[in-house]
Amino acid sequence: MTAETRRVGEVAKAAGLTVRALHHYDQIGLLKPSSRSGAGHRLYVDADLDRLYRICLLRRLGLSLAEVATALDDRRWALRPAMARHIAELDQRLEAAAQLRGLLARLQAGLDGVRTPPVEDMLELLEAMTTTEGTLTQRISIAVYVDLEAAHDFLVRVFGFGPGELARDEHGKVVHGEIQAGDGVIWLHPESSAFGLVSPRTVGAATSCMAVIVDDVDAHYRHAVAEGAEIEYQPVDRPYGFREYSARDCEGGLWSFMKPLAEADRAPTRPEGSEQSGNR
């Protein structure tokens, strides 16, 4: 190892990535280290670090790993136009926000001694808010089950969701359920012939998949296994930039639990001097 080379752990720490993410970048050909040590450890030189900087920059601009690879390897692609487009989008948002702020300030100044602004002004305010903030405010995912109570218990116990409401009818049957899933809620809906809603158990197949971001994919996987979940595949790094595993719920519903490879998952790494392959 020379003064001009850096090992994978050092590079990962500096870039705010995980060693696993750099391993993945190597496997998909996005960032291959220029050399390896006698023990097989990845070694990076200045040119590698320059490419990594551009990768990180493009990821922050919202490009997928595939788009990043195209951008870096296509000589026709240029960073300046991409940044210009990004700046233009930001300028549009800032302009709309500035207009909304000006309107609010004007309406606020006119409230002296007045309970509410004129109807025309309120309509203008609502229109400006719609333009700036959009009309979609929240999404609620819905999963269909035969036995809502059993599904609620399974999802909380095995997959680690937060318990939510179980609403019952006059006969005590659960007709609506909810579980807490990080930044939102998932509704548990009974089968309905009127809307053509059936459980995977009834149809014999999953017609959709629910994907959930977790803090630690491998720890979540181990817990699901310990609780008896039916595993479709073990944790794996995907070419689209996520580490994930997939499992079935108690009625055959398909779930994927994942985390972006570019985010630090805080998984312990082996010492740089280790001969094991995990930190090479």
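How is the crossing handed where H3 passes H4? It's right-handed, meaning that the near helix is turned clockwise from the far one by less than a right angle.

A quick word on the model: it is predicted, with local features needing pLDDT of at least 70, side-chain atom pairs counting only at pLDDT 80 or more, and totals for chains, interfaces and linings using all residues. Residues are numbered from 1 along each chain as its sequence is written, and side-chain values use heavy atoms, leaving out hydrogens and water.

Back to the helix pair. The axes (lines fitted to C-alpha atoms over the stretch in contact, with angles from 0 to 180 degrees between N-to-C directions) come within 10 Å and cross at roughly 130 degrees.

| Helix | Residues in the contact |
|---|---|
| H3 | Arg51, Arg54, Ile55, Leu58, Arg59 |
| H4 | Leu65, Val68, Ala71, Leu72, Asp73 |

By class, that's six nonpolar, no polar and four charged residues.

Now the cores: sets of buried (under 20% relative accessible area, 1.4 Å probe, protein chains only) Ala, Val, Leu, Ile, Met, Phe, Trp, Tyr and Cys residues joined through side-chain atoms within 4.5 Å. The largest has 25 residues, and Phe161 and Trp255 are among those touching the most other members. H7 gives the largest share, four residues. A second, separate core of 21 residues includes Val11 and Tyr25.

Notes: Buried < 20%, exposed > 50% of the residue type's maximum accessible area, 1.4 Å probe, protein only. Helix = DSSP H or I, 4+ residues; strand = E, 2+ residues; numbered from the N terminus. Contact = heavy atoms within 4.5 Å. Nonpolar A, V, L, I, M, F, W, Y, C, P; charged D, E, K, R; others polar.
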